[in-house]
Amino acid sequence: MKSCVGIIGLGSMGASLARNLARHGYKVSVYNRTFEKAEEFVKDNPDDGFVLCRTLEDLASSLPAPRVIMSVITAGSPTKAALEDLSKYLSAGDLVIDCANSFYKDSMALGKEMEEKGILFADCGVSGGKMGALLGPSMMFGGSREAWDLCQGVIKDACAKAKDGEPCAARLGPVGSGHFVKMIHNGIEYALMGAIAEIYDLFRREGFSAEECAQIFKKWDEGDLHSYLIEITGKVLAHIDAKTQKPFVDVLKDETRMNGTGTWTVLSALELGSSAPSVGEAVFERIISSEKELRSAFKPAPAPEISLDSSDAMQALYLASAIIYSEGFDVLEAASRKYDWNLDYSEIARIWEAGCIIRSDFLPKISEAFKKDPSLPSLLAFPAFEKIEEENIQALRRVVARGVLGAVSCAVLESALSYFDELTHPLPLNLLAAQRDYFGAHGYERADEPGFFHTEWEEGGQEVKRQ
Ligand code: 6PG
């Protein structure tokens, strides 16, 4: 039996992680706020040797020092309250790892609070859903080297393994970086899901059935687009509702919920002066989907006919996905600069190769790109990605145009395309600079001469140099 680990929270993720650790030979102490749930969990898994704890104090005293405790409860105030309470029973040098989808700034604040008490604190993004937590998630660790040394054996045992057998877990930087990277993972997840949904909608509007769409996604999963999200799209679309015998997707409302990590990604990008427009559109699409009153104020408009070339659709989704990943890495770079995290983008892509929701055949390519050139200004500027752009850009343009003409909202695909065009073509912001100078005397820079200028627009139109 290996050393002990504590788990707080036996919801679907916590319970799966506890079973995962037990199967790797760890003696796991488990605690849940509702004791009956913990009792039932231990009863349901009699062979896993769980140590049942009634209180946080029991949990602490069941573990040898230095203690390693993983918390998998709802992010925000529940996590803060439980960990503050737990800290009363811990000693200097013990380690608490927050494995929830917590906001990175909350993790930084809690980390400071714990540090003042001499307790080690780490934030660990865990991706892969319930099955991932059980069979091996991708784990993004933020914390001190001391904290990592204390728990890396446990984390590397529990996490997913890439094709080459390497663990999909790593220490990415200090406290805050683990949850920041997980937040960006989720932002990318939102945008990829949005792009897939838009392509699906185009096919349905062309007249394809859910089953026909399922076959298309299944085929795509065998090619360049091979990924977890494409794989589950094929499976979901092929699923038949037991109650109605109709395709499952056709009996669901066209609205979705969210827990907030996509919104945080967009807010954080804005705060860092970075851009993630495809993530933004994916969040807005989800918001609009749930604005029932607003949507019901409109009569369904007539739908123009559309026709879609399936290989164009595949190529469009392929390039849009590359752009979406690139947006995510741009925001990571902005955060790394601001917080001095020195993030290793190649390593981040590597630990996303297995276990997590956005795993795909893109990840080894991304890891390779940043390995070859760690200071790459944008993934899209790497030769292998420039080739993807060259080969697929016309298809993306055609698909977006078909969506626009056919009244199929393709906001994520469109914003990925616009982001690419903004990077690769001149922008009309010279006009905007002149307008700002006209009404606000804000000044502008000329392309042909250094310095800062202002034009006396309504007083003769002379230009004055300000510095
Ligand atoms: C993961 C998932 C996971 C969760 C998302 C869903 O990486 O395992 O991203 O964290 O399923 O939070 O997010 P929404 O509820 O916001 O869609």
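The model is predicted, so local features need pLDDT of at least 70, side-chain atom pairs count only at pLDDT 80 or more, and totals for chains, interfaces and linings use all residues. Residues are numbered from 1 along each chain as its sequence is written, and side-chain values use heavy atoms, with hydrogens and water left out.

Start with the overall layout. The protein chain is divided into domain 1 (2-175), domain 2 (183-424) and domain 3 (429-466). These bounds come from an automatic or database domain assignment. Over C-alpha atoms, the centres of domain 1 and domain 2 are 31 Å apart. The contact between them takes 25 residues from domain 1 and 20 residues from domain 2. Contact here means heavy atoms within 4.5 Å.

A polar side-chain atom of Tyr 190 lies 2.4 Å from a ligand oxygen. For a polar side-chain atom of Arg 286, the distance to an oxygen atom of the ligand is 2.7 Å. Gly 128 takes part through its backbone: one of its polar backbone atoms is 2.9 Å from a ligand oxygen. Taken alone, the ligand exposes 410 Å², and the protein buries 78% of that. Accessible areas come from the Shrake-Rupley method with a 1.4 Å probe; for residues, only the protein chains shown count as cover.

Ala 335 sits in helix α14. Is Ala 335 buried or exposed? Ala 335 counts as buried because its relative accessibility is 0%. Buried means under 20% relative accessible area, exposed over 50%, and partly exposed in between (1.4 Å probe, protein chains only). Beyond its neighbours within four places in sequence, Ala 335 is in contact with Phe 180, Leu 272, Asp 340 and Trp 341. Ser 268 is 67 residues from Ala 335 in sequence, yet the two are 8.6 Å apart, C-alpha to C-alpha.

Asp 340 lies in the loop between α14 (310-339) and α15 (345-351). Asp 340 is exposed because its relative accessible area is 68%. Its backbone stands out too. Asp 340 has a positive phi of about 60 degrees although it is not a glycine. Most residues other than glycine have a negative phi, and most peptide bonds are trans. Ala 407, in the loop between α17 and α18, also has a positive phi, near 55 degrees. The peptide bond from Ala 65 to Pro 66 is cis, with omega near -10 degrees. Pro 66 belongs to the loop between α3 (56-62) and β4 (68-71).

Two side chains reach backbone nitrogens. Asp 221 is in helix α9 (residues 210-221). A polar atom of its side chain lies 3.1 Å from the backbone nitrogen of Ser 227. Asp 221 is buried, at 14% relative accessible area. Not counting residues up to four places away, Asp 221 touches His 226, Ser 227, Ile 230 and Glu 231.

Ser 378 is in the loop between α16 (362-372) and α17 (383-405). A polar atom of its side chain is 3.0 Å from the backbone nitrogen of Leu 380. Ser 378 counts as buried because its relative accessibility is 13%. Leaving aside neighbours within four places in sequence, Ser 378 is in contact with Ser 326 and Asp 330.

Technical notes. Helices (H or I, at least four residues) and strands (E, at least two) are DSSP runs, numbered from the N terminus. A polar contact is a pair of N or O atoms within 3.5 Å; within protein, one must be able to donate a hydrogen and the other to accept it, and residues adjacent in sequence count only if both atoms are side-chain atoms.
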